Amino acid sequence: MLPLLGFLYSVTIIDRSNMGIARTAGMGDQLGLGEGNRFSVVSCVYFIPYILLQLPTNLVLRKFGARNCLTFYIFGWGCVEIGMGFCQTWQALAGCRVLLGAFEAGFFPALIYIVSTWYTRQEVQTRIAGFLQASIAISGFGAVFSYVLTLMDGIGGYRGWSWIFIIEGIATVGCSFLGFFFVPDFPDKNNFLTEEQTKIILRRVEDDRGDSVPDGITRSKIVHHLKDWVLWAHGFMYMASTMPAYAASFFSPIILFGMGWSVSETLLLSAPPLVAAASSAFIFAWVSDRSGQRAIFIAIQSFMTITGMLITGYADGNGVRYFGIFVFSAGASGCMSSIIAYNANNIVGQSKRSVSSALLVSFGGIGGILGTTVFRQADYPRYIPGMWAIIGAQILMISLLSVTSITYSNRNKRARETGEPLEGQVGFLYIL
């Protein structure tokens, strides 16, 4: 299950993040994206439907089935990406980006929701990091693949950047059929385990947190869950982690190009930081699951993001600045999977899990908007104001992490002393 989900999510990341690569490969000049803030506008309009459709798509996931929904999303955005290769104006490209955001909106929160229903709380971060970071590592080679596609420049009268979208879009449409036949559903609805194996899975989840059986989703429950301030705190924390992650995918190629590397060197150098980030995040996830601790590792990786940003922005020498990209990419990627696990570990009830995962990823979309707009063309090539905006977001994350951790600690202490159940579940304790 996890290798397939990781592969499919890598397709999402490649399709979402090839804007910076395509711009470097000539799209910026042909469509006039260097004028004003056009590139930032085209990049961020994607996130408007991406944010607005997170919750609605997650609420209907069980009704229509995970396999059907995910197949529809993948096929849709693959078709849109093919269309992006034929755009002749930046306005047409912006329109395609809006459609891309609409189709991709339901994909990632669905993956989080599905994975969190299969595993116990002490297993979930390694599994989430497994499919998330494997996909990021695979997408790192997407930059190399995109460079190969640019060599098709002139074939059929289309520029190399157009072929990036056309070929990758066709591949995405092909992946939708793979998803239709092999994507897993929720444990209670799966069709690839025996009845006895399914009972074992459900019993493990029930013993861990008591929500193996889905509770119905109603309007009153949705409103009740949205009144929990902790969910919003987790959302802002996730937003702070996605800001540098999106900035890395959109602007690392541009920053590298601004260092004086050629187009081919820029595209090839874009891959190693992502692969290293995936390795770092998985190591942190493994240690976190084994120790049963979340907050301390989120804080460490947030400080890594801050350090990497300062190195990239202020260091002299391309080699040192390139090392900074490695550091902040590792910190940002690791924080993403860590916060997803931190949120999933402290939720009971599948209706609340559905709402919280959608809310979390919605805030990730807001982080995407911020990550693509704070790096202004006027600040090229070092983007110092944008880097300080991301550092400010990390300070916000660490502050909220401190507040939620203290809150969880106090609630655990009260539950141990009084026997009062947490989240309506006897014996449940928050994981810090």
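Hi everyone, this is a short tour of one protein chain, from its overall build down to a few side chains.

First, some ground rules. This is a predicted model, where local features need pLDDT of at least 70, side-chain atom pairs count only at pLDDT 80 or more, and totals for chains, interfaces and linings use all residues. Residues are numbered from 1 along each chain as its sequence is written, and side-chain values use heavy atoms, with hydrogens and water left out.

Let's start with the whole chain. The protein chain has 19 helices and 0 strands; both are DSSP runs numbered from the N terminus, with at least four residues of H or I for a helix and at least two of E for a strand. Along its principal axes, the C-alpha trace spans about 70 × 45 × 35 Å.

Of the 432 residues, 60% count as buried. Buried means under 20% relative accessible area, exposed means over 50%, and partly exposed is in between, using a 1.4 Å probe and protein chains only.

Now let's visit the aromatic rings. A search of the whole structure finds 24 aromatic pairs. Rings of Phe, Tyr and Trp (its six-membered ring) pair if their centres lie within 6.5 Å; planes under 30 degrees apart are stacked, over 60 edge-to-face, and the rest tilted. One of the pairs is W77 with F107, edge-to-face at 5.2 Å centre to centre and 85° between the planes. This pair links distant parts of the chain, with W77 in helix 6 (residues 66–84) and F107 in helix 8 (residues 107–118), 30 residues apart. W77 is buried at 0% relative accessibility, and F107 is buried at 1%. Together with Y9 and F108, W77 and F107 form one aromatic cluster.

Last stop: I391, in helix 19 (residues 384–418). Is I391 buried or exposed? I391 is buried, with a relative accessible area of 6%. Which residues does I391 contact, leaving aside neighbours within four places in sequence? They are I306, M309 and L310, where contact means heavy atoms within 4.5 Å. The C-alpha atoms of I391 and M309 are separated by 7.4 Å, although the two residues are 82 apart along the chain.
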